[in-house]
Amino acid sequence: MNCDHKSDWNAYALGELTAPEQRDAEAHLSMCEACRDELATLRLTLDTLSTLREEEVPRRIAFVSDKVFEPRWWQALWSPAFAAACVLAAAILVHGFLQPAAVPQAQIDAAVTKAVAQVQDRLVDLDYKSQQLTQAYMTNTGLVRQ
Amino acid sequence: MIFREVEDRDLIARARKGDVEGYNLLVSRWEKRVFNYLLRLVRHREDALDVSQEVFLKAYQNLPKLEDPQRFAGWLFRIAHNEAFSLLRKHRPETELADEPRPPAAGPGLLPIELSLAVETALGRLTADQREAVLLKVYQGFKFDEMAEILGCPVSTVKSRLYTALDQLKTTLAPQALRGEI
C-alpha cells in the first residue's frame, strides 16, 4: 500500500472511529485508491468471517432447579420405584385379606389343656407298657425268682 | 438491543432475589452466544459445553457482586474468558497447533458449508489470544474498551491482537472472496 495516510482502516471498518475521525477518513478515501483497496480487502475478510455458522447448543445448559423441565407430579409418580412400591403394597393387602380370622384365647387355652391331658395319658400308658415289657423280659431270661 | 438490556436487567433483578426461573430465562437468552464463543476459542465441543455450564454457575453465584446490571454481557464474557483460559492452560496447552488442516481448496465456488469450514480453519491457525480478539469483536460485537475489560488488558493490546489476526485472516480468506468464491 503506497499511502502515508494515518487512518486506522481496521477501526474504521469495525465502527470504532469517532465522528471527526470517520469524516477525515472518508474525505481521504474519496481521493486515495490505495486506501480504498485496503479497505475493500478488509471488508471482504470481515464478510467472509461472518459466514461462519453459529452452532446450536448440543443440550440445554442445566442449572440449579430447572422448573421448566421438571416432571409433573403424576409423571414423577410414574417411576419404576413407585410401581414396585405399589406392587408390594398390593401384595401385603391381599395377604392380609387371605389370612384366617383370629382364634379366641379361651379356645386356644382349652385346646392346649386337652393336648397336655392327652400327652399325659399317653405317657402313663407308655410307662405301664414299659413296666410290663420289662417284667416279661426278666421272667423269660430267669432274672426274676418264680 | 435496548429492549434486550431492559429485559436482562429485569431477569437479573429477579435472579438476585432468588428466582431460579428468572435466572434460567437469562441463561436461555445467553447460552448460545457463550457456547459459540467458547466453542471457537477452546475448539472442543464437550469442553465448550462443560465450560459453558461452569460459566453460568459461577455467574449465578457471583450475581450479587455485579455492580451494574447494564454491563452484564461484558461481565459474563469476562467469566467465560477466565474459565476458557483456565482450561486451555490446564489441559490443552497443545491447542496452538501449527499443523492445522488447510482450508478447502479453492474451486469454481465454495458452498456455504465449505466457506464456513474455511473460516473455522483460518481461525484455528490464530493463537488463542488473537482468535479471542476476533471472536469478541467480529462475532460478539464488543467495543474495544469492553474487550479490554473482558480480557483484563489495555486497549492497545486488544487492538494489537485483533489487527495482527485480521492481517493474517486477510491473506487466508480475502483472496477466495476476491475471486468470487463467496
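A salt bridge is a side-chain nitrogen of Lys or Arg within 4 Å of a carboxyl oxygen of Asp or Glu. The exercises below concern a predicted model, and each is followed by a worked solution.

**Exercise 1. Decide how Glu55(A) and Arg45(B) are paired, and find where each residue lies.**

Begin with the distance: the closest N and O atoms of Glu55(A) and Arg45(B) are 2.9 Å apart. Because the limit for a salt bridge is 4 Å, the pair of Glu55(A) and Arg45(B) counts as one. Next, locate the two partners: Glu55(A) sits in the loop between α3 (33-49) and α4 (73-77) of chain A, while Arg45(B) belongs to helix α3 of chain B, and the pair therefore crosses between chains.

**Exercise 2. Describe the contact between chain A and chain B by its residues, its buried area and its salt bridges.**

First take the residues, of which chain A gives 33 and chain B gives 45. The size of an interface is often given as the accessible area lost when the parts come together. For chain A and chain B this buried area is about 3,700 Å², and carbon and sulfur atoms give 64% of it. Another salt bridge to look up is that of Lys32(B) with Glu56(A), whose closest N and O atoms are 2.6 Å apart.

**Exercise 3. Work out how α3(B) is placed against α4(B), and which residues meet.**

Two packed helices are described by the angle between their axes and the distance between the axes. The axes of α3 (residues 45-62) and α4 (residues 72-90) of chain B come within 9 Å and cross at roughly 135°. Because of that angle, α3(B) is oblique to α4(B). The crossing is right-handed. On the α3(B) side the contact includes Val51(B), Val55(B) and Phe56(B), and among the residues they and their neighbours meet in α4(B) are Trp75(B), Ile79(B) and Leu87(B). Sorted by class, this contact has 10 nonpolar, 1 polar and 4 charged residues.

**Exercise 4. Classify the packing of α4(B) against α7(B), and then against α6(B).**

Start with α7 (residues 144-151) of chain B, which packs with α4(B) at an angle of about 40°, the axes being 8 Å apart. These two helices are therefore oblique to each other, and α4(B) passes α7(B) in a right-handed crossing. Gly74(B), Phe77(B), Arg78(B) and His81(B) of α4(B) make the contact with Glu149(B), Ile150(B) and Leu151(B) of α7(B). Its residues divide into 3 nonpolar, 2 polar and 2 charged.

Continue with α6 (residues 128-139) of chain B, where the angle to α4(B) is about 155° and the axes are 13 Å apart. Because of this angle, α4(B) is roughly antiparallel to α6(B), and the crossing is right-handed. Here Phe77(B), His81(B), Phe85(B) and Leu88(B) in α4(B) meet Ala128(B), Asp129(B), Glu132(B) and Leu136(B) in α6(B). By class, the contact holds 5 nonpolar, 1 polar and 2 charged residues.

Definitions and conventions. Residues are numbered from 1 along each chain as its sequence is written. Chains are lettered from A and ligands numbered from 1 in the order in which they are written. This is a predicted model: local features need pLDDT of at least 70, side-chain atom pairs count only at pLDDT 80 or more; totals for chains, interfaces and linings use all residues. Side-chain values use heavy atoms; hydrogens and water are left out. Axes are lines fitted to C-alpha atoms, for helices over the stretch in contact, and angles run from 0 to 180 degrees between N-to-C directions. Helices (H or I, at least four residues) and strands (E, at least two) are DSSP runs, numbered from the N terminus. Angles under 35 degrees count as roughly parallel, over 145 as roughly antiparallel, 65 to 115 as roughly perpendicular and the rest as oblique. A crossing is left-handed if the near helix is turned anticlockwise from the far one by less than a right angle, and right-handed if clockwise. Contact means heavy atoms within 4.5 Å. Ala, Val, Leu, Ile, Met, Phe, Trp, Tyr, Cys and Pro count as nonpolar, Asp, Glu, Lys and Arg as charged, and the others, Gly among them, as polar. Buried area is the accessible area (1.4 Å probe) that two parts lose on being put together, summed over both.
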